[in-house]
Amino acid sequence: MDDLTEMLKGTLEGCVLEIIAGEETYGYAITRRLNELGFADVVEGTVYTILLRLERNGLVQVTKRPSGVGPPRKFYALNDAGREELARFWAKWQYVSSRIDKLKEGGG
Amino acid sequence: MNFRETVTGSDLTREWKAFEARAKALPDGHRAAWEQIKANLFLYGDFTGRNLLPILDGALGLLEESVADGQGVHEVLGDDIPGFCAALVGGKGARTHRDRWREQLNGNVARKLSRLGG
């Protein structure tokens with residue numbers, strides 16, 4: 001599906017939090033995961049800016065690890081504040097998606 | 001950073017040289033993207049550009065990592081380098097020239113108004 005990015009913008013941060021909640025991971029792997037899910041036009045730069053924001057807001061713990069090739073990689077894991085934020089994200093998502101479904105079904 | 005460096009910006013020159021040395025090692029496409037990122041980020045620089053250094057360091061790191069992963073520039077940055085740069089500085093309180101001009105203007109107007117007894 002093309003042009004999903006605009007619609008995704010507000011939710012991408014939550015998606016990234018959810019992926020990090022699963023296991024400690026790094027930018028490239030997160031991007032690949034989103035691409036596999038079908039969000040084909042999400043690029044690593046987008047994920048990188050989200051990760052910066054999460055770091056700035058104190059939601060993730062960052063560890064630098066040497067990689068097989070190239071410079072060391074930054075790995076991200078959720079801290080307690082990140083887990084709370086993720087729970088809030090799913091609550092908000094639940095609200096929005098239930099309203100929109102209702103609208104679509106003509107309930108209003 | 002000592003006083004001399006603060007005044008002369010010699011530490012900046014050194015960091016810039018280090019950046020450019022790293023950028024030189026990038027393949028052509030990535031280096032072209034680096035030039036574009038720099039051009040776009042300058043809009044957000046403060047007087048010396050010191051606030052941009054950590055941001056540039058991160059962006060360069062991203063390019064370096066992507067080379068190691070065998071990714072092309074387009075896979076990393078898409079078509080929107082200005083948007084990427086805006087997101088990089090966004091919310092960080094990176095104060096731009098425009099912010100400062102706006103503040104100055106607001107200050108001047110407020111002063112004039114108060115002088116008029118408004």
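Student: What is the relative accessibility of B:Arg22, and how does that residue count?

Tutor: B:Arg22 counts as partly exposed, at 27% relative accessibility. The scale is simple: buried is under 20% relative accessible area, exposed is over 50%, and partly exposed lies in between (1.4 Å probe, protein chains only). This is a predicted model: local features need pLDDT of at least 70, side-chain atom pairs count only at pLDDT 80 or more, and totals for chains, interfaces and linings use all residues. Residues are numbered from 1 along each chain as its sequence is written, chains are lettered from A and ligands numbered from 1 in the order in which they are written, and side-chain values use heavy atoms, leaving out hydrogens and water.

Student: Which residue forms a salt bridge with B:Arg22?

Tutor: A salt bridge puts a side-chain nitrogen of Lys or Arg within 4 Å of a carboxyl oxygen of Asp or Glu. Here the partner is B:Asp57, with the closest N and O atoms 2.8 Å apart. B:Asp57 lies in helix H4 of chain B and B:Arg22 in helix H2 (residues 10-24), so the pair ties together parts 35 residues apart in sequence. B:Asp57 is partly exposed too, at 36%. Elsewhere, salt bridges with shared partners join B:Glu20, B:Glu35 and B:Lys38 into one network.

Student: How are the helices assigned?

Tutor: They are DSSP runs numbered from the N terminus: helices are H or I, at least four residues, and strands are E, at least two. Chain A has four helices and three strands. Its order along the sequence is α-β-α-α-β-β-α.

Student: How many salt bridges does the structure hold over all chains?

Tutor: There are 12. Take A:Glu13 and A:Arg53, whose side chains meet at 2.9 Å, N to O. A:Glu13 sits in helix H1 (residues 5-22) of chain A and A:Arg53 in helix H3 (residues 44-56), 40 residues apart. A:Arg53 is partly exposed, at 31%.

Student: Where do A:Glu36 and A:Arg33 lie?

Tutor: Both lie in helix H2 (residues 27-36) of chain A, three residues apart, about one turn of the helix. A:Glu36 is exposed, at 62%, whereas A:Arg33 is partly exposed, at 38%.

Student: Is B:Ser66 buried or exposed?

Tutor: B:Ser66 is buried, with a relative accessible area of 0%. This serine is in helix H4 (residues 53-68) of chain B. Contact means heavy atoms within 4.5 Å. Not counting residues up to four places away in sequence, B:Ser66 touches A:Glu44, B:His30, B:Gln71 and B:Val76.

Student: What share of chain A is buried?

Tutor: Buried residues make up 39% of its 108 residues. The C-alpha atoms of chain A fill a box of roughly 55 × 30 × 20 Å along the principal axes.
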